[in-house]
Amino acid sequence: MNLRRDVFQAIADPTRRAILLLLASQSLTAGAIASNFDTARPTISKHLAILTECELLTQEQTGREIHYHINAKNMKEVADFIEPFRKMWDDRFNKLESIMKKYKTKK
Amino acid sequence: MERKTKIDAENGKQEIFITREFELPVDLLFKAYEEAEIVEQWMGTRVLKLENKRQGGYIFETSDPKGNKYIFSGTIHEFVPNQKITRTFEMENTPFGVQLEFLEFEPITEDTCKLNMHVIYRSVEIRDQVLKLPFAQGINMAHNRIQDILRQLK
C-alpha cells in the first residue's frame, strides 16, 4: 500500500481534517467525536474507518468503549500540516512586495 | 512555483524561523512595517495603534465576514530603522498567550533584501497549536460555507 499517498487522500477531506484536529489534544470515543459535527453518525464512522486504515488514528479499547487516538508517528510525516501557515505568510509577503514595488515607482 | 517564504519548525522546539527574500531595497521593506497605512494594506488589518519606539506598542484589529472582531497587540522592545524590530505579539482572547518576535532586516544587494523572523512561544504545545491555526481556520471556513449552503436549502 502506498501509505504516503493514502495519508494525503485521508487529510484532503475537511471533515477528516476536523476530526484529526479534534483528536490532536485529546482521545475521544466515536460518539464524542460525532457530537462535534452536524454530520450523520454513520458518515463520521466511515471517516474514522478511513483514518484508522491510513494509520493516522489508532483505536484503544477501554472497558466497553473504544477511544480514538492520533497516531503521532504518522502525523509527523504530514509535514504539510504547517503548509497553510507557510502559505498565509507567503501570501502576506507577496502582497507586501507588490505594494512596495508600486510605492517605489510612485516616488 | 517557487516557494519564497521558508518556515523552519523543528520538531519538539518552542520556536520557529520564518525567512523571506524580497525584490525590494531594505528600507522599503522596513517601511512596510513602519507605516500604519502600509501595514493595513498587506496585513489586511486595521491599525488602531502603532508606536514605533522602545517601550512603544501596537494594536491591530481584523474582522471576519460575520463581523466578529479580533485584536492582535504587542509591545515593542527594540526599534532600529532598517535593521531590527523586537516585539511581543498576542492574539487577544485566545489561550495561546504572548509570543516573542525578533525581526531582522538584512540588505542583500541594493535592490534585494531578506527578512528573518525568529518567533518564540511559551511551550512546544502552544507553538504546534499556533502553527495549525490556519489549517483549523480553513476547516471552520469550509464548515461555515457548508452551513450557509444548508441554510439556503431550508
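**View 1. Elements of chain B.** Chain B holds three helices and eight strands, taken as DSSP runs (H or I of at least four residues for helices, E of at least two for strands) numbered from the N terminus. Their order from the N terminus is β-β-α-α-β-β-β-β-β-β-α. Residues are numbered from 1 along each chain as its sequence is written, and chains are lettered from A in the order in which they are written.

**View 2. The side of chain B that touches chain A.** In this view, 25 residues of chain B are in contact with 23 residues of chain A, a contact being two C-beta atoms, placed from the backbone, within 7 Å. Strands E1 (5-8) and E2 (15-22) and helices H1 (26-34), H2 (36-43) and H3 (124-153) of chain B each give two or more residues to this side. H3(B) supplies the largest share, eight residues.

**View 3. Confidence along chain B.** The mean pLDDT (the predictor's confidence in each residue, from 0 to 100) of chain B is 87, and 85% of its residues reach 70 or more. Where pLDDT is low, the predicted coordinates should not be read in detail. The model scores ipTM 0.84 and pTM 0.67. In this predicted model, local features need pLDDT of at least 70 and side-chain atom pairs count only at pLDDT 80 or more, whereas totals for chains, interfaces and linings use all residues.
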